[in-house]
Amino acid sequence: MDVLPLISTIVGAAIGIGSTLLADRTRWARDRRDRVELAQHQLRADFIAAVARSADIVWNVAHHDQPPTEDGNRGAQEAFREADLDTWRYRIALSSPSEIVAASETLLDALRHYRNTVAAGERKGSTQYSEARSTYFAAVAEAINVLRGTQGRLPFSIRQSERRARADASNPAGRFRAE
């Protein structure tokens, strides 16, 4: 009996099985990495959306509660609770790299300052309100750039909102609505 064909068949089968296992392992690792990356992107997008919801509450108080009322000031204070930002803060802190955690903390600090400014009775048209809002938008732009990582620049500019804020400040009579 000739053993050479038997050995070559066994070696060929081992190579075939090994390459199939290697390809499956590579595909599994890539799919796992893609799922983790997708989950991170979703977490970051949901975080920014929660921040935007909170900022909308603050904006509504600042623009519709004139002169300031106690209910409006309380509504501004509740903005963090409404958007559940503390939960989002912890989720980011537990599952993100340090530069993303730092950017999200800076953004939350800017939003907190914006909220506290409105809760203190400052409304659209005041210098303190305009400064707090500008600081918030600068923090949003920076946080989004950090959160996006290597995906590149945004297709739109957060600065559009900064221009609107300047238009609001320069038009205290409210002849047009910038947002």
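**Salt bridges and a helix contact**

Tutor: Glu 78 counts as partly exposed because its relative accessibility is 26%; buried means under 20% relative accessible area, exposed over 50%, and partly exposed in between (1.4 Å probe, protein chains only). The model is predicted, so local features need pLDDT of at least 70 and side-chain atom pairs count only at pLDDT 80 or more, whereas totals for chains, interfaces and linings use all residues. Residues are numbered from 1 along each chain as its sequence is written, and side-chain values use heavy atoms, with hydrogens and water left out.

The side chain of Glu 78 meets that of Arg 81 in a salt bridge, 2.9 Å from N to O. The term requires a side-chain nitrogen of Lys or Arg within 4 Å of a carboxyl oxygen of Asp or Glu. Arg 81, at 63% relative accessibility, counts as exposed.

By this rule there are seven salt bridges in total. One of them joins Asp 65 to Arg 123, with 2.7 Å between the closest N and O atoms. This pair links distant parts of the chain, 58 residues apart: Asp 65 lies in the loop between helix H1 (4–64) and H2, and Arg 123 in the loop between H5 and helix H6 (127–148). Helices here are DSSP runs (H or I) of at least four residues, numbered from the N terminus. Both Asp 65 and Arg 123 are buried.

Another salt bridge connects Asp 109 with Arg 112, whose closest N and O atoms are 2.8 Å apart. Both residues lie in helix H5, three residues apart, which is about one turn of the helix. Asp 109 is partly exposed at 43% relative accessibility, and Arg 112 is also partly exposed, with a relative accessible area of 24%.

Helix H2 (residues 70–77) packs against helix H5 (residues 98–119) at an angle of about 170°, with the axes 8 Å apart. H2 is therefore roughly antiparallel to H5, a label for angles over 145 degrees. Axes are lines fitted to C-alpha atoms, for helices over the stretch in contact, and angles run from 0 to 180 degrees between N-to-C directions. Asn 73, Ala 76 and Gln 77 of H2 make the contact with Arg 115, Asn 116, Val 118 and Ala 119 of H5, where contact means heavy atoms within 4.5 Å. These residues divide into three nonpolar, three polar and one charged.

Definitions and conventions: Helices (H or I, at least four residues) and strands (E, at least two) are DSSP runs, numbered from the N terminus. Angles under 35 degrees count as roughly parallel, over 145 as roughly antiparallel, 65 to 115 as roughly perpendicular and the rest as oblique. Ala, Val, Leu, Ile, Met, Phe, Trp, Tyr, Cys and Pro count as nonpolar, Asp, Glu, Lys and Arg as charged, and the others, Gly among them, as polar.
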